[in-house]
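Hi,

Here is the structure I said I would pass on.

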Amino acid sequence: MDQKISPAPHLIGDTISNDLSSQRTAMSFERTAMASDRTLMAVVRTSLALIGFGFTIFEFFRKLSDSVLPKGALPSDAPRRFGFALISLGIVLLFFGLLNHYHDSRNRRRRRQALFDQQLIGHAESKTPNSATIVAFLLLLVGLFAILRVGLSLGPF
C-alpha cells in the first residue's frame, strides 16, 4: 500500500531552524498586540469608572439638593462642576488611550510589514479593528453624551 507523503510546506530561509525563528518572531508580534489590547481595555475600565461616577454623583447630588437638603446647604452648581470634572477626566483619559493604542498598532504593523517584505516572517498583520478599539470608541460616545447632559443639561433625563 503506497502512501502519498505531501511535500513539506514552504520554509522561511529553507531550514527548519530559520522557520522556527520566524514563527517565534511572528508570535512575539501577536503577544505585543494582545498586550496593547489589554492596556487599552484597562484604560476603558478606568474611563468607564470616571464617567459613571461623574454622572452618578451629578444626578445624586442634584436630586438630593432639590428634595432633601435645605436651600443653600450645597452650592447649586457644585454637583455639576464635580460631575463635569470626572466625566471630562474620563473622556480625556480615553482619548489619549485610543491615541496611544493607534500609534502603537501603527508602529507594530510597520515593523512587521518590513520583516514580511524581507521574507523573514510568513504574513503581515491585518488592519481590522479589534473589539477593544470598538468598545473604546463606543464609550467615548457615551462619555460625550454624558458631558452634554451634565454640562449643558441636554438629554432625556
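A word on terms before anything else: helices (H or I, at least four residues) and strands (E, at least two) are DSSP runs, numbered from the N terminus. Keep in mind that this is a predicted model, so to speak of local features I need pLDDT of at least 70, side-chain atom pairs count only at pLDDT 80 or more, and totals for chains, interfaces and linings use all residues. Residues are numbered from 1 along each chain as its sequence is written, and side-chain values use heavy atoms, with hydrogens and water left out.

The overall picture: the protein has three helices and zero strands, which read along the sequence as α-α-α. Of its 157 residues, 27% are buried (under 20% relative accessible area; exposed is over 50% and partly exposed is in between, with a 1.4 Å probe and protein chains only). Taking contacts (heavy atoms within 4.5 Å) between residues at least 6 apart in sequence, 78% join residues at least 24 apart.

Now the largest pocket. I used a 1 Å grid over the protein atoms alone: a pocket is an open set of points where a 1.4 Å probe fits, with protein on both sides within 12 Å along at least five of seven lines, and lining residues have an atom within 4 Å of a point. Grid points are joined across faces, edges and corners, and the volume is the space filled by probe spheres set on the points. That gives about 430 Å³ for the largest pocket. Its lining has 20 residues, and the closest to the centre are H101, S105, R109, P129 and T133. Helices α1 (16-67), α2 (78-117) and α3 (131-152) each supply at least two lining residues, with α2 giving the most, at nine. By type, the lining divides into eight nonpolar, six polar and six charged residues. Here Ala, Val, Leu, Ile, Met, Phe, Trp, Tyr, Cys and Pro count as nonpolar, Asp, Glu, Lys and Arg as charged, and the others, Gly among them, as polar.

What about salt bridges? With a side-chain nitrogen of Lys or Arg within 4 Å of a carboxyl oxygen of Asp or Glu as the rule, the count comes to one. R112 pairs with E30, and the closest N and O atoms are 3.0 Å apart. The partners sit in distant parts of the chain, R112 in helix α2 and E30 in helix α1, 82 residues apart. R112 is buried at 1% relative accessibility, whereas E30 is partly exposed at 33%.

S36, also worth a look, lies in helix α1 and counts as buried at 11% relative accessibility. Leaving aside neighbours within four places in sequence, S36 is in contact with H101, D104 and R108.

There is one aromatic pair (ring centres of Phe, Tyr or Trp, the last by its six-membered ring, within 6.5 Å; planes under 30 degrees apart are stacked, over 60 edge-to-face, the rest tilted). F95 and F96 form it edge-to-face, 5.5 Å centre to centre with 70 degrees between the planes. F95 is partly exposed at 44% relative accessibility, while F96 is exposed at 52%.

Last one: F116 in helix α2 is partly exposed, with a relative accessible area of 32%. Not counting residues up to four places away in sequence, F116 touches I121, G122, H123 and A124.

Cheers
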